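User: I am new to this structure. Please show me how to read its features, step by step.

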Amino acid sequence: MKKTLLFLSVLLASCSHKQAEKKDAPLETEPLYTVLTAETTGIHFLNELKENTYMNGLFYEYYYNGSGVAVADFNNDDLADIYFVSSLSENKLYLNKGNMQFEDVSKAANATGGYGFGTGVTVIDINNDGLMDIYYSKSGKISDPNKRRNELLINQGVNAQGIPVFKNEAQSYGLDFPDFTTQATFFDYDKDGDLDLFVINHGIELYDENLMEELIDQKSEFRGERLYRNDNGHFVNVSDEAGIINNVLGFGLGVAIGDLNNDGWADVYVGNDFSEKDHLYINNKNGTFREISLDAFGHVSNFSMGNDIADINNDGLLDIMTVDMMAEDNYTQKTSMSGMNPAKFYKHVGLGLHHQYMYNAIQLNSGIQQESGNPQFSDIAQIAGVTSTDWSWAPLFFDMNNDGKKDLFVSNGIKRDFRNNDFVNYRKQKQAEVIAKKEIQTESYIADLLSKMPTREKENYFFLNNGEDLRYIKQNFKQPLSNSNGAAYADFDNDGDLDIVVNNSSSISFIYQNNSNTNKNNYVAIKLRGTSENVNALGARVILYSKSGKQYLENYFTRGFQSAMAHTLHFGIGQDKKVDSVQVIWPNNTYEVFKNIAINKTVTLAYNKESVKKYVYQDPKKGIFQDITKASKINFKHTENDFNDFLEETLLPHRMSQLGPALAVADVNNDGLDDFFIGGAKGQSSQLFLQNSKGEFSSTTQAFAKDSAHEDVGAIFFDSDNDGDLDLYVISGGTEKAPDDLYYLDRLYENDGSGKFKKSTAALPKITNSGLRVVAADYDQDGDLDLFVGGRVLPGHYGRMTKSYILENQSANGVLKFTDVTESVIPEMANHTMVTSAVWHDFNDDNYPDLLVANEWGPIELFINKEGYFKNETKAYGLDKNIGWWSSLTLDDIDNDGDMDIIAGNLGLNYKYKASFEAPFYMYINDFDDNQKEDIVLGYQQDSTVYPVRGRQCSSDQMPFIKEKFKTYNEFGSASINEIYGDKLNQGISYEATDFASSILYNQGDTFTFSPLPNRVQLSSVNRIFVDDYNQDKKKDILLLGNLYGSEVETPRNDASYGFLLVGANNQEFEYLPNQESNLWAKGDVKDAALINLANGKAILIAKNNGELSLIKVN
């Protein structure tokens, strides 16, 4: 057993241009990559994870994690060499001989490493002598800490045979840590010119989940995260004073460095396995960091493995990817993903450990929030198509085909799947037998368990970046199944495209040779030469300008999982024939612009203190929007009551009890200033805020305090009695009580003319369904305002029909009276699906307002008003096919052709649930287990077969017959939805959603055509839409607000929206304006919003469920 932690770094030498060695252009049919055999490359490295009674994944779960690989030019011959770390045997150094031929020189180089369990490796020229050194890490279930010490292999130069020779000098640098180390990365965090070190460690034993409250603050001797400052060549632990987290929960598996808030200082991202959340450390520029993951991310991966930081959309903001263990195929999902424990999930949330989901995440950087200086991220992995890449280890962003876009590689596979549910059950059974017998034959017991633990070899994933639509396209080509852990990229054959090397567990490691046609797409490869204290210029940012736009790369070596790459910074430039310029922002915050950069070559750019200039980082611009909540003296937080929707409806797709607060705006006291009503949750009084001449607000509860037992989810101000003032209708919603309970009773409050309200108890019929939206119009043209009240849900019976209402205003002689006329004027609404939004408008120009309704699990419906009676003309107007989770409606003549178009909010395209006409998303409701209770079954389509969304555990919690019918997870995972539920699927209520895209529906006169909004604004649910000229360019803009936080715990919540602003462009098109430019930060579970006129301008009120009400001024 051997091990040594390896420090690897490369000096990018030579100012001369080196002509790339071009190979013959591949045929168009040639795959993007070809796996090279060991006979071709000479690489025979095998990280064999031998198992015996005491060395296996049963005793040490990270035994199967494998090891890393590092790439650097160790002998300065301009060829990228490879260093493999072995978990149990000798590390191997392969020198690149050219033409994809490599030679094992490990022993002659003294680079095999010492005793220990090898994990990660990075590279660094630690003594700045122009020779790349190796730092590699160790861990393992080894009790003697001296046998776990990391190693720093200092490059002594080449011997007579041209082989670099190494010497372990970790102790002299203070880097021989005996921790359970996963990986390390070098960077200059304090801007003193030299390179410091960040180290991530992990635990050997799992902790007791019942002791989380204690363990979260308990420091650990050998696990957790560490920051070491370089003090004149000796590294000193400054973790505590710098604000770095070290606790028993720390299971760090990934670390990446980058300037995430564009202030010129290096920030740190750490991915943690198990319960500890991922950490994002923002550099405070004073030797300390602040950890901001709760502020920066809506959610994170649960079992975070490796990670990478890159600017994936070339907007100048660095993005982050983390990988997890979710499989792509239904069978592996159902057999290896255990049901999430809701109690455990929310316990973690309560402890500040974030909302964690077992999916990959691409955290797209939306910009830097001006007040906090913190970057704000949105997980786009669902819309990108990269959430589920199986048991993943190393994500790497780089340009595979030289088109100027960063593509994605993900290594995956594990020798044994100890999370396989049938194996877990078998292990529990054997453990119970041992306990019952009170004896154990250890050798046979372990051998039996190992024989039952399944293997999980997989193909690695390759995705090409599709560009503006944020999607990644999976590439399929011939490759072997493997357990690929560490991975690194480099141009091994100097032909102008990037190849990949993987470190495989229990099989020969190999190289993927890139077959891109370099005569078609051009490139520039850049080596940096920095200062004498940082010769490789780690931390430099390079910006390349060409005809196609700008590209950004930052120079850090540690990437992915336990691996490092230190060869060149590679830019593909597509068909561009030249580079306009390259700007290098050096680590000391100076910069230089380089011109006349040759293409299709490797170019060295060197720091020159005589020619550099100070780089000034610009503060964000003022923007279109400004949060003035505090200045306006608004102080309201909606406090949602604690209610578990899933207790009775286990398979409910999302909560229906968290749809408030209500929000309505009007001048209620006739002083010429807008006021507003904000609804409270159950047990919280709603409030009325009155505006004064300074644009400040004061609140009162008035008559609303007596009705605080209700959950106020919808409201409207309207003149119910034609007396010139505005009265208030309030909808009671939620699902806490049984259907028709008085808890859901809607209320009407009459305004006395001065803004004082009194509840009118006799004005309304008894409306006790759970609603959400109410809209007013004189539908019968009798001179007063009538109401449509949408039924949102039948409480406790999601998906069942419920009633919506037309309330005819029959007030007379000062007596308020509304009558339910639904059955006579629009009988279809008496038993209707779940209404989410509605709007009145005369679409057919007959002077009668028609009713447009949005539905969850339904189309957008149009009811044409025939002189006071309504006919459903949805199909006639071309609206019937697009079945979605429609959530909001706004009307505007968006194309300026004289009629009203529809802007419709929907679930979005960034959710786990996907729907299309070719592959709908299904819901079935029936009493599947004959217990007199309805059950919900969600279905999705994969490879032409429909499968249940939910797994065996949670499905059987709702319907126990499933465990009896399917004795194993293997049986359940192999079954289609029809094989599981049979004929009852067609005997109850069923739905097929076909469209989850928020869209513009263009009015063509007698029909509507659907036009999905750009993908950049499809990242979350849209609950409110406003059309206005926000940037004052005399073109209409569209503002979309939303999110959906109520998802069940196995589905990542829809939290990616900070509000989206689409600005009008030419030809009536719309372009997304980045949040940083607009200064729009409407984060949270936005359920409602309203325009409001202030004493000094206009603004938008934004109401969030279980969050603070905010007021955003339009500048």
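Predicted model: local features only at pLDDT ≥ 70, side-chain atom pairs only at ≥ 80, totals over all residues.

User: Which domains does the domain assignment give?

Analyst: The assignment gives domain 1 (33-418 + 453-518), domain 2 (522-614), domain 3 (625-822 + 832-917 + 994-1114) and domain 4 (921-991).

User: How far apart are the C-alpha centres of domain 3 and domain 4?

Analyst: Those centres are 34 Å apart. Domain 3 puts 20 residues into the contact, and domain 4 puts in 17 residues.

User: Now the cores. Which residues have the most contacts inside the largest nonpolar core?

Analyst: The general idea comes first. In soluble globular proteins, nonpolar side chains tend to be buried together. Here the largest nonpolar core holds 114 residues, and Phe 409, Phe 492 and Ile 1038 have the most contacts inside it. Strand β26 (residues 392-398) gives the most to this core: five residues. Domain 1 and domain 3 each supply at least three residues to this core. There is also a second, separate core of 59 residues, with Met 656, Phe 718, Phe 972 and Ile 989 among its members.

User: Which residues does Phe 409 touch, not counting residues up to four places away in sequence?

Analyst: Among them are Ala 394, Pro 395, Leu 396 and Phe 398. Others in the list include Tyr 461, Phe 462, Ile 500, Val 502 and Tyr 512.

User: Next, strands. In which sense do strand β4 and β37 pair?

Analyst: Start with the general idea. Strands of a sheet pair through backbone hydrogen bonds, either parallel or antiparallel. Strand β4 (residues 69-72) pairs with β37 in the parallel sense, over three bridges. Ala 70 stands opposite Ala 564 in β37. Strand β36 (residues 558-559) pairs with β37 in the antiparallel sense, over two bridges. Here Thr 558 stands opposite Ala 564.

User: How many residues lie between β36 and β37 in their hairpin?

Analyst: Three residues lie between them, and Gly 560 in the turn has a positive phi of about 75°.

User: Which way do the residues of β37 point?

Analyst: Ser 563 and Met 565 point one way from strand β37 (residues 563-566), while Ala 564 and Ala 566 point the other way. All four are buried.

User: Where can I see another hairpin?

Analyst: Look at strand β10 (residues 151-158) and strand β11 (residues 164-168), which pair in the antiparallel sense over four bridges. Pro 164 in β11 is the bridge partner of Val 158. This hairpin has five residues between the strands, and Gly 162 takes a positive phi near 80°.

User: What is the order of the strands in the open sheet of four?

Analyst: The order is β21-β22-β24-β25, and the pairing is antiparallel. β21 (307-310) and β25 (375-379) are the edge strands, as each pairs on one side only. From one strand to the next, the twist averages 25°. Inside the sheet, three bridges join strand β22 (residues 319-322) to strand β24 (residues 361-368). Met 321 stands opposite Ile 362 in β24.

User: Now a helix. Which residue caps the N-terminal end of helix α7?

Analyst: Asn 341 is the cap of helix α7 (residues 342-350). One of its side-chain oxygens lies 3.0 Å from the backbone nitrogen of Ala 343. After α7 comes Gly 352, with a positive phi near 80°.

User: Last, single residues. Why does Phe 689 count as buried?

Analyst: Buried means under 20% relative accessible area. Phe 689 counts as buried because its relative accessibility is 2%. Phe 689 lies in strand β46 (residues 687-691). Beyond neighbours within four places in sequence, its contacts include Ile 634, Phe 636, Phe 676, Ile 678 and Phe 697. Phe 677 is 12 residues away along the chain, with a C-alpha separation of 6.3 Å.

User: Is Lys 1098 buried or partly exposed?

Analyst: Lys 1098 is partly exposed, with a relative accessible area of 33%. Lys 1098 sits in strand β74 (residues 1097-1104). Its side chain makes a polar contact of 2.7 Å with the side chain of Asp 1028. Leaving aside neighbours within four places in sequence, Lys 1098 is also in contact with Ile 1092, Asn 1093, Lys 1113 and Val 1114.

Note on methods. Residues numbered from 1 in each chain as written. Heavy atoms only, no water. Core = buried A, V, L, I, M, F, W, Y, C linked by side-chain atoms within 4.5 Å. Buried < 20%, exposed > 50% of the residue type's maximum accessible area, 1.4 Å probe, protein only. Domains from an automatic or database assignment. Contact = heavy atoms within 4.5 Å. Pairing = 2+ DSSP bridges. Axes fitted to C-alpha atoms, helices over the stretch in contact; angles between N-to-C directions. Polar contact = N/O pair within 3.5 Å; in protein donor to acceptor, adjacent residues only side chain to side chain.
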